[in-house]
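Subject: Model handover

Hi,

Here is the structure for your review. Please open it alongside these notes.

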Amino acid sequence: MAKFSPPRGMRDFYPEDMKLRNHIFDAWRLASTASGFEQYDACVVESLELLQRKAGEEIVNQIYAFEDKSGRQLALRPEMPPTLARMIVARQGALQFPVKWFTIAQCFRYERMTRGRKREHYQWNLDIIDENSVSAEAEIIYTAINALRLMNIPDNAYRVRISNRTLLSELLSSLGIAQEFHPAIFMALDKKGKLPREEIEKLMLAENLDAEACSAAFDLMDITSLEDAAEIAGDDSPAVASLRKLFELLNDYGVAEQAVFDISVIRGLAYYTGIVFEAFDTKGEFRAIFGGGRYDGLLSAIGGKPASAVGMGFGDVVIGEIIEELKIEATSQNNLIAIGYMTDDERTMATRLASKLRAEGKSVTLQTRPSRAKAFFSFASARAAKAVYIGPDDRNSGKAFIKDLNTREEEMITLT
Ligand code: HAM
């Protein structure tokens, strides 16, 4: 057995693992650029102070933190929005808003390891900064759905569940629960499905709420439709109006079927201020595929001018498991040409052919040493689309065959 393996929860990617990863990343990139998001990137190490917000959020307790040799308190980022907010604030006077940015960022969280949860994952982030209208939410949800389509995930395999924290706030207020208690109630109710009802009510009781209010707040999670919520919140509720508008826009994008209202979507991060959403597989077997929402206070919280923001994070782990479960083939265009040769005497010819094909823009893997035909074709079949094998006869005739490894068809090429 090997002496070392990756630290618990961290992954290695062997070349064969990159096929699935690239299938996911390619769809993320294509969907981003198809919707006009601009790519950005940032350092993985952040100052701990930027990442630490109010205690109570699970993510804050999961940060990999350390001190550098000069005593700076640093950390591996667990998510992107604080970094994004820092970058936007640094150029807030110069950027043209609304900004639409995307990134694929490796994030680290010291999580309890379960299915779909690792201590490191890649997360595609889409964010729109300084757009107050619900068009921003619609554009982001549509783009995430487009990525799922580009991965060949069927439309009926998942649902995006959407709610609005402002709506939940209105409903809590209608029960007579004061605004100051709402953030703690959000964090408690977000645990629904993960903790039993008594535990969640205990969390709320700890905030000095009376037992009747806790129970009534929990019962709000039984609301099943936006219309039922509208009956309590009132038909003139701005939160209801924004949700109605969002569903209308998603219909215009042609993705209405995949979007549903779900009052129990709250999200575990404290910074969300409005619409929140999470996508799950329809069978309910996996953790969330992606999640996000509106976070209008984060820029000002880190010293910037107030600006609205909407974003989402979509990890590679859960979707990778779903792709495998659905037996979706990780397609990647393979145009690689393998070139091999029998003896040292053919090395020059093989090298020149490789160089010529590469200059034409083709991808070529050139063997670094002579090999027998059998060994070469076994190497080539495992990774290339076409192969050329040069032996002494080919060297003498100045001609060889390029073989299509799928169709077995051969085409004569000149070597000189
Ligand atoms: P999040 O819900 O914590 O949101 O993570 C977003 C997605 O990242 C999850 O749905 C899941 O796919 C993936 N993910 C998170 N943690 C792990 C883990 N330990 N292992 C594997 N996958 C994981 C956020 O992070 C927000 N910052 C998203 C956002 C961006 N909101 C606005 N902009």
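Predicted model: local features only at pLDDT ≥ 70, side-chain atom pairs only at ≥ 80, totals over all residues.

Residues are numbered from 1 along each chain as its sequence is written, and side-chain values use heavy atoms, with hydrogens and water left out.

**Ligand site**

There are 25 residues around the ligand. Glu-79, Arg-109, Glu-111, Lys-118 and Tyr-272 come nearest. By class, the shell holds 10 nonpolar, 8 polar and 7 charged residues. Here Ala, Val, Leu, Ile, Met, Phe, Trp, Tyr, Cys and Pro count as nonpolar, Asp, Glu, Lys and Arg as charged, and the others, Gly among them, as polar.

Now the polar contacts (pairs of N or O atoms within 3.5 Å; within protein, one must be able to donate a hydrogen and the other to accept it, and residues adjacent in sequence count only if both atoms are side-chain atoms). The side chain of Arg-109 places an N or O atom 2.9 Å from a ligand oxygen. Arg-267 also has a side-chain N or O atom 2.9 Å from an oxygen of the ligand. Tyr-271 has a polar side-chain atom 3.0 Å from a ligand nitrogen. On its own, the ligand has 650 Å² of accessible area, and the protein covers 96% of this. Areas come from the Shrake-Rupley method with a 1.4 Å probe. Strands S6 (120-129), S10 (290-294) and S11 (309-315) each give two or more residues to the shell. Helices (H or I, at least four residues) and strands (E, at least two) are DSSP runs, numbered from the N terminus.

**H6 and H11**

Which residues of H6 meet H11? They are Thr-166, Leu-167 and Glu-170, and their partners in H11 are Pro-238, Ala-239, Val-240 and Leu-243. Contact means heavy atoms within 4.5 Å.

Glu-170 sits in helix H6. Beyond its neighbours within four places in sequence, Glu-170 touches Ala-233, Ser-237, Pro-238 and Ala-239.

**Backbone details**

Phe-97 and Pro-98 are joined by a cis peptide bond, with omega about -5°. Pro-98 lies in the loop between helix H4 (81-90) and strand S5 (99-108). Asn-152 is not a glycine, yet has a positive phi of about 70°. Asn-152 lies in the loop between helix H5 (135-150) and strand S7 (158-164).

Best wishes

Notes
Near = heavy atom within 4 Å.
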